[in-house]
Amino acid sequence: MSLVDELKSAVTPRAALLVAGVFALQLLFIASYVGALHHPQPKDVPFGVVAPPRVSAPLVTRLDQLPGGPLDPRAVADEAEARNQILNRDIDGALISAPAGPTDTLLVASGGGKALSLTLEATFRQVAAAEHRGLRVVDVAPASPQDFNGLSAFYLVIGWCVGGYICAAILAISAGARPANAERAVIRLGVLAVYAILGGLGGALIVGPILGALPGSVAALWGLGALVVFAVGATTLALQSLFGIVGIGLAILIIVVAGNPSAGGAFPLPMLPPFWQAIGPALPPGAGTWAARSVAYFKGNDMLGSMLVLSAWAVAGTAITVVISALKREGRVPKRAATASS
């Protein structure tokens with residue numbers, strides 16, 4: 001055989017296309033992570049201002065006009081209300097201005113992301129220095145001493161996501177697995193559900209009682225973890241049922257390439273570029289990270305949106321997997337899609 005014939009035999013057109021897809025995925029991975037994380041800057045951070053009426057409006061205007069627009073300030077009635085809004089995750093910090101005294105107070109919440117709280121502190125120390133005033137910093141929802149840089153919630157969710165799509169990929173394309181019909185799809189989803197329950201419990205126990213990295217309810221983290229794992233796994237099964245092995249690559253594109261850097265883990269959402277800010281809350285890693293931090297540090301507040309996002313991925317993934325498998329059995333799926341799925 002000639003070298004060309006050997007090459008054609010060793011690398012089929014399908015394999016060449018898959019390698020090209022992996023190459024594109026690699027470049028997208030680099031572009032997404034570096035694009036999101038290489039130059040974090042706060043932008044329009046929801047921020048409260050507590051000050052006497054004669055001072056409040058001018059102070060809000062001045063903070064709104066800081067170079068680069070780091071803050072989205074709004075007047076808040078009093079310190080108690082500012083603390084309440086921080087714990088409800090409506091704002092990320094607040095300034096308690098005391099014109100009669102020499103020192104102002106900055107409220108932050110490092111449990112929502114230490115990088116953001118440190119950035120707010122640095123910003124207001126500069127403001128205070130320029131006005132020759134002192135600044136006292138109070139952490140309303142502090143990250144655990146065992147939670148370095150407030151990253152444990154993010155790493156927990158990433159672990160759950162990895163487990164979800166790897167489990168689904170194994171169920172879909174493991175050796176000996178036959179093309180899915182509706183019954184087999186339901187069985188695979190059932191196995192995934194059991195795995196999700198166990199995976200959610202394992203993660204919650206590791207970060208809670210075993211390592212002490214995250215405070216908060218173990219039961220709540222368990223439920224959240226089960227939902228994250230199942231949502232990611234069901235999405236992977238759905239994409240695989242639609243596109244075959246390429247669907248697993250698409251799951252990695254959604255969860256790893258797009259989802260991880262936009263999750264608000266290393267840098268909270270207000271510090272990410274606009275594109276990643278926009279997509280992060282709608283993807284499982286971002287929704288899961290927000291909810292895990294709410295459980296750990298914010299008394300479970302403001303979780304509804306994230307739970308609805310995760311539930312939507314889980315329901316859509318389940319429905320697509322079952323429907324496509326049933327249609328394939330009836331011969332109503334185009335031949336290309338049917339032969340691609342396992």
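Reply: Side chains of opposite charge can pair when their charged atoms come close. A salt bridge is counted here when a side-chain nitrogen of Lys or Arg lies within 4 Å of a carboxyl oxygen of Asp or Glu. The model is predicted, so local features need pLDDT of at least 70, side-chain atom pairs count only at pLDDT 80 or more, and totals for chains, interfaces and linings use all residues. Residues are numbered from 1 along each chain as its sequence is written, and side-chain values use heavy atoms, with hydrogens and water left out.

Me: How many salt bridges does a search of the whole structure find?

Reply: The search finds 5. One of them joins R83 to E79, with 3.2 Å between the closest N and O atoms. Both residues belong to helix α4 (residues 79–87) and stand 4 residues apart, about one turn of the helix. Helices (H or I, at least four residues) and strands (E, at least two) are DSSP runs, numbered from the N terminus.

Me: Which residue forms a salt bridge with R133?

Reply: The partner of R133 is D104, and their closest N and O atoms are 2.9 Å apart. R133 lies in the loop between α5 (114–130) and β5 (134–139), and D104 in strand β4 (residues 103–108), so the pair ties together parts that are 29 residues apart in sequence.

Me: Is D104 buried or exposed?

Reply: D104 counts as buried, at 9% relative accessibility. Buried means under 20% relative accessible area, exposed over 50%, and partly exposed in between (1.4 Å probe, protein chains only). R133 is partly exposed, at 22%.
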